[in-house]
Each structure stands twice: as structure tokens, then as C-alpha cells.
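Hi,

Here is the structure I promised to pass on. Have a look at it first, and then read my notes below.

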Amino acid sequence: MTSFGFGIVGTGMIAGEVADAIQQAGNARLAAVSSRALNRAQEFVAARAGARAVEGLEPLLARDDVDAVYVAIPTALKEAVALAAIAAGKHVLVDKPFMDAASVARMAKAASAAGLLFMDATHFVHHPRRAAVQSVADERIGKRLGLHCVFYGPLDDRSDIRFDPALEPTGALGDLGWYCMRAIVEYLRPEGAVSECDLVLRRDGTTGAVTEAIGTLGFASGETMTFGSGFQCGTRLEDFRLLGEKGALAMDDFVMNWTNSIGSQAAHVPTGYTIRTRSMTPEDFVFVETPSQTPQQVLMIENFVDLAASGEAEARASFANASIQTQSLLDAVWAAAA
Ligand SMILES: NC(=O)c1ccc[n+]([C@@H]2O[C@H](COP(=O)([O-])OP(=O)(O)OC[C@H]3O[C@@H](n4cnc5c(N)ncnc54)[C@H](OP(=O)(O)O)[C@@H]3O)[C@@H](O)[C@H]2O)c1
């Protein structure tokens, strides 16, 4: 059995998914789970052999078998828990989004100063498709000009944390728009800073939570980006189109791949990207498969453990910088709402 133990703070939806990923990973094990209420932690670990249930943060951080803490709680509470975990000598995997880029920078800096790893829990960047797209984009579609990116996921339960602006201040923008901003960082990669930004927000009439955010971004280096994210559309909708001088690269599952992600387990539907150039019609579009037997959330855990063990400074800094850049883009968009 591997000796690298994870402790999880939170017992909600994504905590369950990542707990299962930890148990599937070849180099990690679930050591303990912390809840504000012991019975919820006990219920959480009942189906997960070997894990201990604890109440509150301190008993989790005091455990010697916890090498890393996965923080899966509302956004307003993440930094305090992550900093406490780092102070206790634990690596931290912190779920997105964050309060602002300065908050991400504080966590990344504290972890680095202590020789520990800080990583945000974006799954898709760990799928081999990300590196494949990065390496072929220039050759297949030419100089990158812009990105159109959409991520909708239906949600109407007003008791969900996403409808509480005190816990999730940016609502659908932070929860789903995060991935559109991360797509800029991973795939559009503009050299210049944000030079223009427009935003339309829709809010829930009862709670005031942001339920939809649609916007445009312009960069000083010339690229443009449009995005949309929200809870109201009656289906999950992912649409990614990277525009280049020679053509376009598209995905309809850029966040949660159809084949084997937390959003879809359609094993017969391949994961990849589509290239179209000139006046191609659908029968000529080129689909390039980028398979991975291992689900991306499991790859995230395996990569995290490898990076925690290796201590590679450049790779650690690269993950931290991607988190800061993504949150900085969200901050720029959010500022346009003010
Ligand atoms: N990376 C991804 O793919 C991904 C996917 C989904 C969500 N997320 C992000 O992860 C975060 C959690 O999302 P979720 O869907 O798992 O939420 P959730 O189901 O509501 O779970 C949140 C958990 O946080 C704990 N918590 C601590 N203080 C709380 C408070 N004051 N109010 C409510 N809960 C509190 C609760 O556990 P106890 O009651 O046991 O303490 C609760 O189960 C969000 O910021 C979300 O954007 C990331």
C-alpha cells in the first residue's frame, strides 16, 4: 500500500468524486475526512475502506498519515483552511475558484516557502488531450486569433452553495466560467494583458446569486475571447472553438470529456479534438483522438503525488502560475461587473 495519504476537508459533491479518484490512483490513499459534523464524515467514509472520520480541521491536520489536504469547501472558506494545512506541513490541493488572485498567490507563496505543493483542482489540464492540443495548435490552425468558450450546467436548487453569494461570491462565473478562463491560459495563451472587457450578468431574483455570465475579452496582443457560463440552460453544454489564421480547433467536452470523466462515462465516445480548415463540410472535419484509460481526475491525483514527491520547482511554479493567471482573468471579468 502506498504511504502518501490524503485528508479531505468537506463531504459534499466534489469531495466524494475526488475521494473516489484518490482510491483509484496508483500512488495515493484516502487517510481521513473532516466534516463540521462527525456523523457526516462517518457517513462519507463508510463506503470508503480504510479512511478515518474526524470532526473539525485540527484533528485532521494533527494526523501523521495525512501528507496532503484536499480542500473541497465553499470558496469564501478555502484560503484559511489551505493556509492552516500548509502551516501544519501538508501539501494542498485546493478546489477552484478562489476569492481573488491575491488569495491564490498567498497560498502558493506559503506552500513554496515551506517546500510544499499548492495545486488547484482543475481536472481537464491533467488529461493528455491538453498537451496534445497545445503541441499541434500552431501547426494545424496557425497563429491563434481568438477563442469562443461556453460552459453551462443546469442547477436550480437554491439551497446549493452556488446560490449563496456569501460563500460563492461570483456564482456561475466562478464555478463554470473558471474553465473558460483556464482555456485562455492553456490554449489561447495571449502574450498581452487584458485590454478590454465587457460583461452581462444575470442574477437569481431571490438570492442575488450570479446565475449567468456572458462576456468578451480583448488582449493587448490582439487576441479576442467570448465566453458564456450559467446554470439556467436545461442541459450541460460545453463548446470550445479556438480560432487560428489557418482554421479552427473544436471540442464539445473540453471540461468533462465524454469517455470517462466525472460528468460522463460514455466509454464508446472518444475523447479528442476536431480540426476544420477552409470551406470543409462536416464529412471532411478531422477528428483526432487523444485517449486516456485513466480518468482525468485520477491523473490529477497521480500527478499531484508525483509532484509532491519530486519537488520539481519549475513544474510546481507552472501549476501555481496557471492558477494565478486563471483567477486574474476571472478578477478582470468580475471587475467589469462593478
Ligand atoms: N474541480 C471540480 O471539478 C469541481 C467540481 C465541483 C465543484 N467544485 C468546487 O468545489 C467547491 C465545493 O463544491 P461542491 O459542489 O462539492 O459543494 P457542496 O456539495 O455543497 O460541498 C461543500 C462542502 O463544504 C463543507 N462546508 C464547510 N463549511 C461550509 C459552509 N459554511 N456551508 C456549506 N458547506 C460547508 C460541507 O461539508 P461538511 O458539512 O461535512 O462540513 C459541504 O459538504 C465549490 O467551490 C465548487 O466550485 C469543483
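Before the helix pairs, a word on how I quote them: axes are lines fitted to C-alpha atoms, for helices over the stretch in contact, and the angles run from 0 to 180 degrees between N-to-C directions. Keep in mind, too, that this is a predicted model.

With that in hand, take helix α7 (residues 171–188) and α9. Their axes come within 9 Å and cross at roughly 120 degrees. Angles over 145 degrees count as roughly antiparallel and 65 to 115 as roughly perpendicular, and α7 and α9 are therefore oblique to each other. The crossing of this pair, α7 and α9, is right-handed. On the α7 side the contact is made by Leu173, Gly174, Gly177, Trp178, Met181, Arg182, Ile184, Val185 and Glu186. From α9 come Ala322, Ser323, Gln325, Thr326, Gln327, Leu329, Leu330, Val333 and Trp334. Sorted by type, the residues of the α7 and α9 contact are 10 nonpolar, six polar and two charged.

Helix α9 (residues 313–337) also packs with helix α5 (residues 101–113), at an angle of about 165 degrees and with the axes 8 Å apart. That makes α5 roughly antiparallel to α9. The α5 and α9 crossing is right-handed. Here α5 contributes Ala101, Val104, Ala105 and Ala108, while α9 contributes Ala320, Ser323, Ile324, Gln327, Ser328 and Asp331.

Which residues come nearest to it? Of the 25 residues around the ligand, those are Thr11, Ser35, Lys78, Asp95 and Arg162. Asp95 turns up again in the polar distances: an N or O atom in its side chain is 2.7 Å from a nitrogen atom of the ligand. A polar backbone atom of Gly12 is 3.0 Å from a ligand oxygen atom. For Tyr179, an N or O atom in the side chain is 3.2 Å from an oxygen atom of the ligand.

Most residues other than glycine have a negative phi, and most peptide bonds are trans. Lys96 and Pro97, though, are joined by a cis peptide bond, with omega about -15 degrees. Pro97 sits in the loop between β5 (91–94) and α5. Then there is Arg189, a residue other than glycine with a positive phi, near 50 degrees. You'll find Arg189 in the loop between α7 and β8 (194–203).

Last one: Arg130, in helix α6 (residues 128–141). What does its side chain reach at 3.5 Å? The answer is the backbone oxygen of Val125. Leaving aside residues up to four places away in sequence, Arg130 touches Phe124, Val125, Glu186 and Tyr187. Glu186 is also among the α7 residues in the contact with α9.

Cheers

Technical notes: Residues numbered from 1 in each chain as written. Predicted model: local features only at pLDDT ≥ 70, side-chain atom pairs only at ≥ 80, totals over all residues. Heavy atoms only, no water. Helix = DSSP H or I, 4+ residues; strand = E, 2+ residues; numbered from the N terminus. Parallel < 35°, antiparallel > 145°, perpendicular 65-115°, else oblique. Left-handed = near helix turned anticlockwise from the far one by under 90°. Contact = heavy atoms within 4.5 Å. Near = heavy atom within 4 Å. Polar contact = N/O pair within 3.5 Å; in protein donor to acceptor, adjacent residues only side chain to side chain. Nonpolar A, V, L, I, M, F, W, Y, C, P; charged D, E, K, R; others polar.
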